[in-house]
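Please read it with the sequence and the structure side by side.

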Amino acid sequence: MPFFPWLVTGALVLSLLVPGQVRAGAAGDARRGRQPSPLPAPVALAPVPPTVVAPIVNPEQVYTYEQLTKDFAALAERYPQLVRLRSIGQSAYGREIWALGLGTGPAAVLLNGAHHGSEWLTVNLLAAMADDYAQAGARDEGIGGLLADATIWFVPMVNPDGVTLSQVGLEAFPAEARDQLRQLNGGSDDFRGWKANGEGIDLNRQYPADWEHIVASPAAPAFSHFKGPEPLSAPESRALYQFTLEVEPEIVAAYHSAGRVIYWHFHTAPEDLDRDLTIAERLAELTGYALMPIEENPSGGGYKDWFVQTGGRPGFTFEIGQYIDGGPLPLSVFAEEWERNRDVGLVLAAEAVRLRSMR
Ligand SMILES: [Zn+2]
């Protein structure tokens, strides 16, 4: 079994498609009474450009779980040489956690969003990024080499139940679950500020990174901040944890909102400080976000905390958008945050190739 079984599939598709297209062209010419042009000499298999290269993702909308599911399937179908799609697990209420891999190279980067339900504008951002890079790769706008050396994994919606609660509310959940969800939400039917998963666990307080000492965790499930009964008890955090171990990314980036800041440090080993700070400064320059200062006693349990501390590799948390009132960012800020973050995945992929070559 090859490590990337889809590559074999891709090669098969190519070998079937190329002669087929030539035959169709020749038959068409013959029907119009012209001599078919001579067949070109066989060459080494080159990527067949997709017939259509156009945006699939429309990020200027309340971007739902159903829309992501549909768009990621469409991206995988349109760009089979570049994109592979899989579910890395299911949420507590049975929604898939999608991972889309772009590129064929061994240097992996993993970008994820929406650990917190109300921070769903990060899904818009990462879905748009996946689409944008897939189009650029298909048009070979100078990133073909990078996508041959690297694979960028997008997991835009780690918490599909929480996102759906924030966007849609109780009606998207089974009738028998609604009383309990309302209770976890402080008795309110307004779920816009909901951050936890469907079980009332804060997914970014679930990772084994000084979990025991997380500060200000409620004693019981809640719409926000409850760290859970033990690390990785929530299916969504467990799925991302296992997927991260599987793809062994050189670098990870977790997208949250809000504040326009970047966290880059968590008990970072002294010998890794320069490496991580250099990348963080590059990201700050790119996005215009501020770097968070090193904290003496950070509260742990976060995805990037675990990755930095245990993996010894660079990990970043981006907080997009200006902080307003703790609720979801409005769609009106998307365009600016998109401009600030559009190249982050490519910059990290190039960095990942470099780091891998140094190991
Ligand atoms: Zn968050």
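## Basis and nonpolar core

A nonpolar core is here a set of buried Ala, Val, Leu, Ile, Met, Phe, Trp, Tyr and Cys residues joined through C-beta atoms within 7 Å, where a residue is buried if 20 or more other C-beta atoms lie within 10 Å of its own, exposed if 12 or fewer, and partly exposed in between, with C-beta atoms placed from the backbone. The model is predicted, so that local features need pLDDT of at least 70 and side-chain atom pairs count only at pLDDT 80 or more, while totals for chains, interfaces and linings use all residues. Residues are numbered from 1 along each chain as its sequence is written.

The largest nonpolar core has 87 residues, and those with the most contacts inside it are V109, A130, F154, V155 and A253. Helix α3 (residues 121-138) gives the most to this core, with ten residues; helices (H or I, at least four residues) and strands (E, at least two) are DSSP runs numbered from the N terminus. With contact taken as C-beta atoms, placed from the backbone, within 7 Å, and with neighbours within four places in sequence left aside, A253 touches L111, F316, F318, V344 and L348.

## The eight-stranded sheet

An open sheet of eight strands has the order β1-β2-β4-β3-β5-β8-β6-β7, with mixed pairing, two strands being paired if DSSP finds at least two bridges between them. The edge strands are β1 (83-90) and β7 (290-291), each of which pairs on one side only.

Strand β4 (residues 150-155) runs parallel to strand β3 (residues 107-113), to which six bridges join it, with W153 opposite L110 and T151 opposite A108. Its pairing with β2 is antiparallel and spans three bridges, and there F154 stands opposite L100. Six of the six residues of β4 are buried, so the strand is largely enclosed by the rest of the structure; A150, I152 and F154 point one way from β4, and T151, W153 and V155 the other way.

Strand β8 (residues 315-320) is likewise largely enclosed by the rest of the structure, because six of its six residues are buried. G315, T317 and E319 point one way from β8, whereas F316, F318 and I320 point the other way. Six bridges join β8 to the parallel strand β5 (residues 251-257), where T317 is the bridge partner of A254, and three bridges join β8 to the antiparallel strand β6 (residues 261-263), where F318 stands opposite I262.

## Helix α3 and its surroundings

Helix α3 lies across β1, β2 (96-102), β3, β4, β5 and β8, and runs at about 135° to β5. The axes of α3 and helix α10 (residues 334-341) come within 10 Å and cross at roughly 50°, axes being lines fitted to C-alpha atoms, for helices over the stretch in contact, with angles from 0 to 180 degrees between N-to-C directions. In this contact L121, N124, L125 and A128 in α3 meet F334, E337, W338 and N341 in α10.

A280 lies in helix α8 (residues 273-287) and is partly exposed, with 19 other C-beta atoms within 10 Å. Leaving aside neighbours within four places in sequence, A280 is in contact with I262, W264, L291 and F316. A280 and G315 are 35 residues apart in sequence, and their C-alpha atoms are 9.2 Å apart in space.

Terms used. Contact = placed C-beta atoms within 7 Å.
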